[in-house]
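Please look at the structure before reading on.

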Amino acid sequence: MRKWSLVERCKNVWLAVSGLVISDKGEWLVVNKRYGGLKGQWSLPAGFVKNDETVDDAVVREVLEETGIHTKVEGMVGVRSGVIKGDISDNMLIFLLKPLSFEVTAQLDELYEAKFFDPDLLVQEGKHSVLLEQLLAFKKERMQTMLDGVNPGDQFGYTSYKLFM
(Lines give C-alpha, C1' and ligand atoms only; values in the text may rest on other atoms or scores of the structure.)
Protein backbone atom coordinates (compact mmCIF):
# COMPACT_ATOMS: atom_id res chain seq x y z
CA MET A 1 0.00 0.00 0.00
CA ARG A 2 1.34 3.46 -1.00
CA LYS A 3 2.09 6.03 1.71
CA TRP A 4 0.81 9.50 0.85
CA SER A 5 2.80 12.59 1.78
CA LEU A 6 1.09 15.35 3.75
CA VAL A 7 1.09 17.60 0.67
CA GLU A 8 -0.58 14.90 -1.44
CA ARG A 9 -3.22 14.30 1.23
CA CYS A 10 -4.07 17.99 1.63
CA LYS A 11 -3.91 19.26 -1.97
CA ASN A 12 -7.64 18.70 -2.48
CA VAL A 13 -8.68 20.32 0.78
CA TRP A 14 -10.03 23.81 0.23
CA LEU A 15 -10.53 26.44 2.94
CA ALA A 16 -12.67 29.45 2.15
CA VAL A 17 -14.31 32.21 4.18
CA SER A 18 -17.53 34.14 3.78
CA GLY A 19 -18.79 37.28 5.48
CA LEU A 20 -22.31 38.07 6.64
CA VAL A 21 -22.19 41.88 6.83
CA ILE A 22 -25.33 43.42 8.34
CA SER A 23 -26.00 47.18 8.21
CA ASP A 24 -27.66 49.15 11.00
CA LYS A 25 -30.89 48.94 8.94
CA GLY A 26 -30.71 45.13 8.92
CA GLU A 27 -29.70 44.90 5.27
CA TRP A 28 -27.16 42.27 4.22
CA LEU A 29 -24.18 42.90 1.96
CA VAL A 30 -24.60 40.52 -0.98
CA VAL A 31 -22.83 39.92 -4.27
CA ASN A 32 -24.02 38.60 -7.62
CA LYS A 33 -21.28 36.32 -9.02
CA ARG A 34 -20.12 36.20 -12.65
CA TYR A 35 -18.72 32.65 -12.43
CA GLY A 36 -19.06 29.20 -10.91
CA GLY A 37 -22.02 27.39 -9.43
CA LEU A 38 -23.49 30.65 -8.08
CA LYS A 39 -23.26 32.57 -11.38
CA GLY A 40 -26.16 35.04 -11.56
CA GLN A 41 -27.23 34.39 -7.97
CA TRP A 42 -26.95 36.51 -4.85
CA SER A 43 -24.57 35.19 -2.23
CA LEU A 44 -22.28 36.45 0.50
CA PRO A 45 -18.85 37.85 -0.35
CA ALA A 46 -16.42 34.94 -0.11
CA GLY A 47 -13.03 33.62 -1.15
CA PHE A 48 -10.10 31.41 -0.29
CA VAL A 49 -7.72 31.79 2.64
CA LYS A 50 -4.13 32.58 1.63
CA ASN A 51 -1.18 30.74 3.17
CA ASP A 52 0.00 33.80 5.15
CA GLU A 53 -3.25 34.83 6.83
CA THR A 54 -5.67 33.72 9.50
CA VAL A 55 -9.28 33.00 8.57
CA ASP A 56 -10.55 36.23 10.17
CA ASP A 57 -7.97 38.29 8.25
CA ALA A 58 -9.00 36.48 5.06
CA VAL A 59 -12.70 37.27 5.41
CA VAL A 60 -12.02 40.97 6.05
CA ARG A 61 -9.74 41.05 2.96
CA GLU A 62 -12.21 39.19 0.73
CA VAL A 63 -15.16 41.43 1.66
CA LEU A 64 -13.03 44.53 1.03
CA GLU A 65 -11.71 43.21 -2.32
CA GLU A 66 -15.15 42.22 -3.61
CA THR A 67 -17.25 45.12 -2.28
CA GLY A 68 -15.01 47.96 -1.10
CA ILE A 69 -16.58 47.68 2.37
CA HIS A 70 -14.26 47.85 5.39
CA THR A 71 -15.37 45.51 8.18
CA LYS A 72 -14.55 44.20 11.62
CA VAL A 73 -15.07 40.57 12.68
CA GLU A 74 -17.73 40.09 15.37
CA GLY A 75 -17.55 36.29 15.46
CA MET A 76 -18.04 33.07 13.57
CA VAL A 77 -21.55 32.06 12.53
CA GLY A 78 -20.89 28.56 11.24
CA VAL A 79 -19.14 26.18 8.89
CA ARG A 80 -20.16 24.87 5.48
CA SER A 81 -18.43 21.64 4.51
CA GLY A 82 -18.90 19.32 1.57
CA VAL A 83 -17.11 16.94 -0.76
CA ILE A 84 -17.15 17.71 -4.49
CA LYS A 85 -17.40 14.66 -6.79
CA GLY A 86 -15.83 12.45 -4.12
CA ASP A 87 -12.49 14.18 -4.61
CA ILE A 88 -12.33 17.68 -3.07
CA SER A 89 -13.06 18.60 0.55
CA ASP A 90 -14.63 22.05 0.19
CA ASN A 91 -14.87 23.95 3.49
CA MET A 92 -16.00 27.49 4.30
CA LEU A 93 -16.09 29.37 7.59
CA ILE A 94 -18.89 31.93 7.80
CA PHE A 95 -18.27 35.06 9.86
CA LEU A 96 -20.49 37.87 11.10
CA LEU A 97 -18.89 41.20 10.25
CA LYS A 98 -19.68 44.75 11.30
CA PRO A 99 -19.46 47.25 8.43
CA LEU A 100 -17.14 50.21 9.05
CA SER A 101 -18.03 51.85 5.73
CA PHE A 102 -21.12 51.74 3.52
CA GLU A 103 -20.15 52.85 0.01
CA VAL A 104 -20.25 49.65 -2.05
CA THR A 105 -17.87 49.28 -4.99
CA ALA A 106 -18.31 45.93 -6.75
CA GLN A 107 -15.24 44.15 -8.13
CA LEU A 108 -16.62 43.84 -11.65
CA ASP A 109 -14.07 41.22 -12.78
CA GLU A 110 -15.79 38.67 -10.53
CA LEU A 111 -19.20 40.24 -9.85
CA TYR A 112 -22.17 41.65 -11.72
CA GLU A 113 -23.18 43.67 -8.68
CA ALA A 114 -22.72 44.13 -4.93
CA LYS A 115 -25.14 45.93 -2.61
CA PHE A 116 -26.85 46.03 0.77
CA PHE A 117 -30.19 44.25 0.37
CA ASP A 118 -33.12 43.44 2.69
CA PRO A 119 -32.67 39.68 3.27
CA ASP A 120 -36.40 38.91 3.23
CA LEU A 121 -36.85 40.66 -0.13
CA LEU A 122 -33.75 38.90 -1.42
CA VAL A 123 -35.23 35.49 -0.64
CA GLN A 124 -38.58 36.48 -2.20
CA GLU A 125 -36.74 37.42 -5.41
CA GLY A 126 -35.61 33.80 -5.66
CA LYS A 127 -32.12 34.19 -7.15
CA HIS A 128 -30.01 33.44 -4.09
CA SER A 129 -27.77 30.75 -2.66
CA VAL A 130 -29.17 28.10 -0.31
CA LEU A 131 -26.77 29.40 2.34
CA LEU A 132 -28.46 32.84 2.32
CA GLU A 133 -31.85 31.25 2.92
CA GLN A 134 -30.50 29.16 5.80
CA LEU A 135 -28.85 32.23 7.36
CA LEU A 136 -32.23 33.92 7.79
CA ALA A 137 -32.59 31.74 10.91
CA PHE A 138 -29.25 33.01 12.28
CA LYS A 139 -29.29 33.98 15.95
CA LYS A 140 -26.45 36.25 17.04
CA GLU A 141 -26.37 34.78 20.54
CA ARG A 142 -25.24 31.42 19.08
CA MET A 143 -22.20 33.03 17.39
CA GLN A 144 -18.66 31.90 18.26
CA THR A 145 -16.57 34.85 19.48
CA MET A 146 -12.85 35.32 18.85
CA LEU A 147 -10.16 34.98 21.49
CA ASP A 148 -6.93 36.62 20.34
CA GLY A 149 -3.52 36.75 21.99
CA VAL A 150 -3.56 33.16 23.25
CA ASN A 151 -0.12 31.51 23.14
CA PRO A 152 -0.24 27.71 22.67
CA GLY A 153 3.51 27.55 23.31
CA ASP A 154 6.59 28.97 21.65
CA GLN A 155 7.59 25.52 20.40
CA PHE A 156 4.95 25.79 17.62
CA GLY A 157 6.24 29.04 16.11
CA TYR A 158 2.82 30.62 15.50
CA THR A 159 2.96 34.21 14.27
CA SER A 160 -0.81 34.47 14.83
CA TYR A 161 -3.09 32.22 16.88
CA LYS A 162 -6.81 32.74 17.50
CA LEU A 163 -9.63 30.65 18.93
CA PHE A 164 -13.33 30.91 18.06
CA MET A 165 -15.35 29.63 21.02
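## Helix, sheet and pocket

In this predicted model, helix α2 lies across the strands β1, β4, β5 and β6, and runs at about 65° to β1.

These strands form an open sheet of four, in the order β4-β1-β6-β5, and the pairing is mixed. Strands of a sheet pair through backbone hydrogen bonds, either parallel or antiparallel. β4 and β5 (71-84) are the edge strands: each has a single partner, so one side of each has no neighbour in the sheet. From one strand to the next, the twist averages 25°.

The pairing of β1 with β4 is antiparallel and covers three bridges. Across these strands, S18 stands opposite A46 in β4.

A46 also belongs to the lining of the largest pocket, where K33, L38, A46, R80 and M92 lie nearest the centre. The volume of this pocket is about 630 Å³, and 27 residues line it. The elements that give two or more residues to this lining are β1 (13-21), β4 (46-48), α2 (55-67), β6 (88-99) and α4 (130-135).

What classes of residue make up the lining of the largest pocket? The table gives the count for each class.

| Class | Residues in the lining of the largest pocket |
|---|---|
| Nonpolar | 12 residues |
| Polar | seven residues |

Note on methods: Residues numbered from 1 in each chain as written. Predicted model: local features only at pLDDT ≥ 70, side-chain atom pairs only at ≥ 80, totals over all residues. Heavy atoms only, no water. 1 Å grid on protein atoms, 1.4 Å probe; cavity = no way out; pocket = protein on both sides within 12 Å on 5 of 7 lines; lining within 4 Å. Points joined across faces, edges and corners; volume = space filled by probe spheres on them. Nonpolar A, V, L, I, M, F, W, Y, C, P; charged D, E, K, R; others polar. Pairing = 2+ DSSP bridges. Axes fitted to C-alpha atoms, helices over the stretch in contact; angles between N-to-C directions. Contact = heavy atoms within 4.5 Å.
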